[in-house]
Amino acid sequence: MTRREALIALNLLPEIGPGRMRLLLQCFPEPQEALGAPLDRLRRVPRLGEAAAHILHTWEQHCDLPNEERRAQQAGVSLVTYDDLSYPRQLKEIHDPPICLYLRGDLLALQDSINSLAMVGSRMVTQYGISVARRLATEAVQAGWCIVSGLARGIDTISHTAALDANGRTIAVLGSGLAHLYPPENLELARRIVSHGGAVISEFPLNTKPDRHNFPMRNRIISGLCRGTLVVEAGLQSGSLITAGQALDQERAVFAVPGRIDSPCSQGCNALIKAGAKLVESFQDIQEEFSLLPSMRDTVLLREQRRQEEELQQTEVALNPLEFRIWTAIGDEERNIDELVEELDQPASSVLGALLTLEIQQLIRQLPGKCVRRVPRRRAIPRKS
């Protein structure tokens with residue numbers, strides 16, 4: 001078995017995602033060695049777990065590698081592993097890059113995706129959100145940028161469509177396998193993306209059906225492919241705020257379009273701006289963020305990264321009473337957001353707003369399944385009145 005085949009096989013296995021892949025590569029120089037290792041050796045891999053060890057030991061019972069490769073070839077789907085030249089450089093830089101990408105479309109869309117902007121937002125949109133998303137996506141592709149989004153209803157669909165209408169390139173990242181495109185009404189849009197030099201991609205095996213746990217996972221790819229993430233219209237419970245949080249974790253820029261203060265569809269964007277996201281009125285606001293000369297930009301980014309790392313380790317963040325109550329209630333374990341709202345006996349909108357602030361301040365991270373946890377080594381104290 002080649003290294004490339006081993007990577008594709010590992011991506012097919014249940015319980016073996018990017019996190020466990022990192023653990024395996026720390027213990028096995030080559031991924032194919034993990035597939036052929038004795039069970040007792042796999043059990044000694046730190047934090048791998050008994051279930052994952054058994055799956056690896058009997059991996060041929062859990063996936064059909066030749067069939068997956070054959071189906072992909074018949075469907076015109078390219079398999080891009082972490083080792084391949086077509087794998088996007090900026091996606092490799094994130095904490096948990098996907099092992100493998102399934103791609104229908106132009107491989108050059110991935111290779112040329114360095115100047116990409118993620119555009120995300122709510123599925124339920126207002127006329128204002130529609131108008132702004134169309135204008136910003138059009139301005140972006142006219143400036144030579146690629147639009148990346150999730151092919152979902154609402155802002156995603158509008159952004160993809162506007163990019164195509166302006167003869168630009170766009171990439172759609174799915175939360176399902178390519179054989180189960182979701183939502184089904186966007187099948188024609190996906191075909192149009194492919195025929196216009198873009199790509200539809202997924203880290204999930206071909207036959208993976210849409211699942212609510214998959215979408216937070218795919219969001220990290222949307223932000224990871226891009227230099228920045230723009231939230232156009234989003235409520236406090238919008239999944240696009242997870243994407244914004246992941247962009248921050250990946251040390252990418254976060255932008256937000258302001259909205260009416262009395263509109264629920266704008267509460268998430270306005271909260272992002274209050275917490276430090278750059279306010280966007282035109283694409284020029286985004287271009288200005290990246291307008292420094294490359295050498296100067298690299299120096300500034302490196303200096304800023306070091307400063308942020310020092311702050312993460314040394315600074316105590318002062319929180320208002322509700323924020324500190326939430327921080328205390330989360331403790332050292334993962335906590336479900338709905339349980340926190342019930343436990344704190346506060347309006348859901350207040351708790352969600354405070355959670356967003358804590359995430360922007362890099363005190364907590366949102367996890368799949370509407371859960372949150374603290375960021376290690378970060379400290380918080382009550383704000384003095």
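Author: **The loop between β5 and α11**

Glu185 is found in the loop between β5 and α11, where helices (H or I, at least four residues) and strands (E, at least two) are DSSP runs numbered from the N terminus. The model is predicted, so that local features need pLDDT of at least 70 and side-chain atom pairs count only at pLDDT 80 or more, while totals for chains, interfaces and linings use all residues. Residues are numbered from 1 along each chain as its sequence is written, and side-chain values use heavy atoms, with hydrogens and water left out.

With a relative accessible area of 46%, Glu185 is partly exposed; buried means under 20% relative accessible area, exposed over 50%, and partly exposed in between (1.4 Å probe, protein chains only). The side chain of Glu185 is joined to that of Arg153 by a polar contact of 2.5 Å. A polar contact is a pair of N or O atoms within 3.5 Å; within protein, one must be able to donate a hydrogen and the other to accept it, and residues adjacent in sequence count only if both atoms are side-chain atoms. Glu139 is 46 residues from Glu185 in sequence, and their C-alpha atoms are 26 Å apart in space.

The loop between β5 (170-173) and α11 (187-195) also holds Pro183. The peptide bond that leads from Tyr182 to Pro183 is cis, with omega near 0°. Most peptide bonds are trans, and most residues other than glycine have a negative phi.

Leu151, in the loop between β4 (146-149) and α10 (155-165), has a phi near 65°. Leu151 counts as buried because its relative accessibility is 0%. Asn167, placed in the loop between α10 and β5, has a phi near 60°. Asn167 counts as exposed, because its relative accessibility is 72%.

Buried residues make up 51% of its 385 residues. The C-alpha trace spans about 60 × 50 × 45 Å along its principal axes. The radius of gyration of the protein chain is 21 Å, which agrees with the value near 21 Å for a compact globule with 385 residues; this radius is taken over C-alpha atoms, and the globule rule is 2.2 Å times the number of residues to the power 0.38.
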